[in-house]
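Visitor: I have a structure open and would like to go through it slowly. Could you walk me through it?

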Amino acid sequence: MLLAELAHARSGDKSGSANIAVIVTRKADMRRVARALTPARIRKTLGLGPKQPVEVYPLARLGAFNIFLPDVLGGAPPYSLSYDVFGHYLASRILSLELK
Amino acid sequence: MAKKKLRFGCAGGYLEGRLEPGLLLARDGKCDYLGLEALNEASLSVLQRAKEADPATGYHVRGVQSVAALVDAMRTDKTRIATSIGGANPASGAQALDAQLKSKDKRRRIAFVEGDNLTDRMGDFVARGIATWGNGKKLKPADLQGVFAASAYLGGVPIAQGFGLGADIVMTGRVVDSALYLGPAIHEFGWSEEDIDQLAGASVAGHLLECAGHLVGGNYWGPGWTRIDYRRIGHGIAEVRHDGQVEVTKHAKASGLITRHTVAQQLLYEVGDPSRYILPDVVVNVSDVDLLQVGPDRVRVDGVKGAKAPPTFKVLLSKRAGFIAEGLATFTWPDALLKAERARDSLAWRLQHRHGLREFRIDLLGGGALTPVKNADRATLQEVTLRVAAADPVAEVANVVHAELANFYDCAPAGACGIAGPTAGSRSAPRERIEIKGCYVPRSEINPSVQLV
């Protein structure tokens, strides 16, 4: 099963860093998603290197997780050479994470 | 009698934003205040540049037109506006708006906020050792090399002061986006810096509104998304109570969804640690928030907490960093991906070895740039677009990507098409590359001033 079946997400930039808000569709799935959203599996799903810091903040009442990826975008939008300077695709890509 | 509840509408969240949703709210959104935000991290530095060339410019000219159109759409003169279209020159922007409104026979008092522009003061801060990076280290004079603009993110207090002077419209330069909504709430409810949960609540309302269509289902994939009519998607409305409680909704005539799902996405948009979202007026904690559906397209935000504001203001430095040139070329079946890969490898070699470019990036869109391509799918891909971006201190050097893309006609695999760069008449010039860095300056050094036109 893929994360897309249990959750949706939005990502955005902050001066070359990015965040991904993962919202579980039903709060009952929080635990299951929490087990899957480890830094290692987030890196793997997003194709990031082993040195990329990954911070995961659970919001139990809201039924969500905030993933913060410092300096992942190659600089702020007017500096970055990336095609997606706002990191908008990260939200889609995290939803391909495989749940065990 | 003081109001118990304020109704805010978002008129826009970025300069190129669609104005119709704001006009709808201006016309009959029954809002006490509208916010129009118009500055991203880079745009202020571009305006600063314009002002250097001509001291009468530096504000968002189109933003002045937008505010005038909002005023025109209003059926009462009770709705007030807070806007950051002043850019690098709120004084001139406010005068231009004043002239524009008078020419339409509209009477509105306009206040403008100054004091965010620190471009001429950074040298002094660094010499005194009071400007620091996020890790606490002091800036050195060399850190200011190439810096052409420095601006502090101001908060809601000077905006509140502007309305306190009797203004109907308050125009600012750099402020945190949510301050356009917090400022009026401070003015109306008389909150002090001790009222941290109230300040936090109104700041969350501002954060939810500031990205315009985001709150109501723009940039949203989740439950119900196919019901959204993007032709007439609306902007958010937030009702803020004197105790800091917040509910969000939308105009009945605008398309969109206000649900736990859409609001949660925007609540966390561009947030780091949700227990410490740092603003000039308050540190917001949304880590224990719940969103309650209290009506159709109506959500209550429960559990926002605040903590005392930090002793510093965040300051953005804009630094010249050369030029970026970019272009596209598309390859098609058969062997679309293989053709694009061969073109990529050749292009990379030539940029590096023939032209000495050190910094460039080539992505294959549809061929793994954003989403990996499975091996089994490689041969069936119908189209792959090569996208190249190169940076160099010299514009002409970066620009070789356009000449190299033009050579795709005869020096690359078959059928390269849509070569955006050198197509007759559309050859795009390299754009300036700007490095943006955040640093911190003590609050006591930053004294915003507010005056009426």
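Guide: Gladly, beginning with chain A: its secondary structure comes to three helices and four strands, where helices (H or I, at least four residues) and strands (E, at least two) are DSSP runs numbered from the N terminus. This is a predicted model, in which local features need pLDDT of at least 70 and side-chain atom pairs count only at pLDDT 80 or more, while totals for chains, interfaces and linings use all residues. Residues are numbered from 1 along each chain as its sequence is written, and chains are lettered from A and ligands numbered from 1 in the order in which they are written.

Visitor: In what order do the elements of chain A run?

Guide: From the N terminus on, they run β-β-α-α-β-β-α. Along its principal axes, the C-alpha trace of chain A spans about 40 × 25 × 20 Å.

Visitor: And what share of chain A counts as buried?

Guide: Of its 100 residues, 47% count as buried; a residue is buried if 20 or more other C-beta atoms lie within 10 Å of its own, exposed if 12 or fewer, and partly exposed in between, with C-beta atoms placed from the backbone.

Visitor: Now the contact with chain B: how many residues does each chain give?

Guide: Chain A gives 28 residues and chain B gives 40 residues, and two residues are in contact if their C-beta atoms, placed from the backbone, lie within 7 Å. On the side of chain A that touches chain B, the elements that give two or more residues include strand 2 (17–24) and helix 3 (89–94) of chain A, and strand 1 of chain A gives the most, with five residues.

Visitor: What classes of residue are on that side of chain A?

Guide: It has 14 nonpolar, eight polar and six charged residues; Ala, Val, Leu, Ile, Met, Phe, Trp, Tyr, Cys and Pro count as nonpolar, Asp, Glu, Lys and Arg as charged, and the others, Gly among them, as polar.

Visitor: Which residues have the most contacts inside the largest nonpolar core?

Guide: That core has 138 residues, and those with the most contacts inside it include Val22(A), Ile94(A), Phe8(B) and Val315(B). Such a core is a set of buried Ala, Val, Leu, Ile, Met, Phe, Trp, Tyr and Cys residues joined through C-beta atoms within 7 Å. Helix 8 (residues 196–209) of chain B gives the most to this core, with eight residues.

Visitor: What does Ile94(A) touch?

Guide: Not counting residues up to four places away in sequence, Ile94(A) touches several residues, among them Leu3(A), Ala9(A), Val22(A) and Leu46(A).

Visitor: Let's switch to helix 1 of chain B; which of its residues are buried?

Guide: Pro21(B), Gly22(B), Leu24(B), Leu25(B) and Ala26(B) are buried there, and the buried residues of this helix pack against strand 1 (5–12), strand 2 (33–36), helix 3 (61–73) and strand 7 (236–241) of chain B. The helix is followed by Lys30(B), whose phi is positive, near 55°.

Visitor: Where does Ser15(A) lie, and is it buried or exposed?

Guide: Ser15(A) lies in the loop between strand 1 and strand 2 of chain A, and it is buried, with 20 other C-beta atoms within 10 Å. Although Ser15(A) is not a glycine, it has a positive phi of about 50°.

Visitor: One last thing: which peptide bond is cis?

Guide: The bond from Trp333(B) to Pro334(B) is cis, with omega near 5°, and Pro334(B) has its place in the loop between strand 14 (312–332) and helix 10 (336–354) of chain B.
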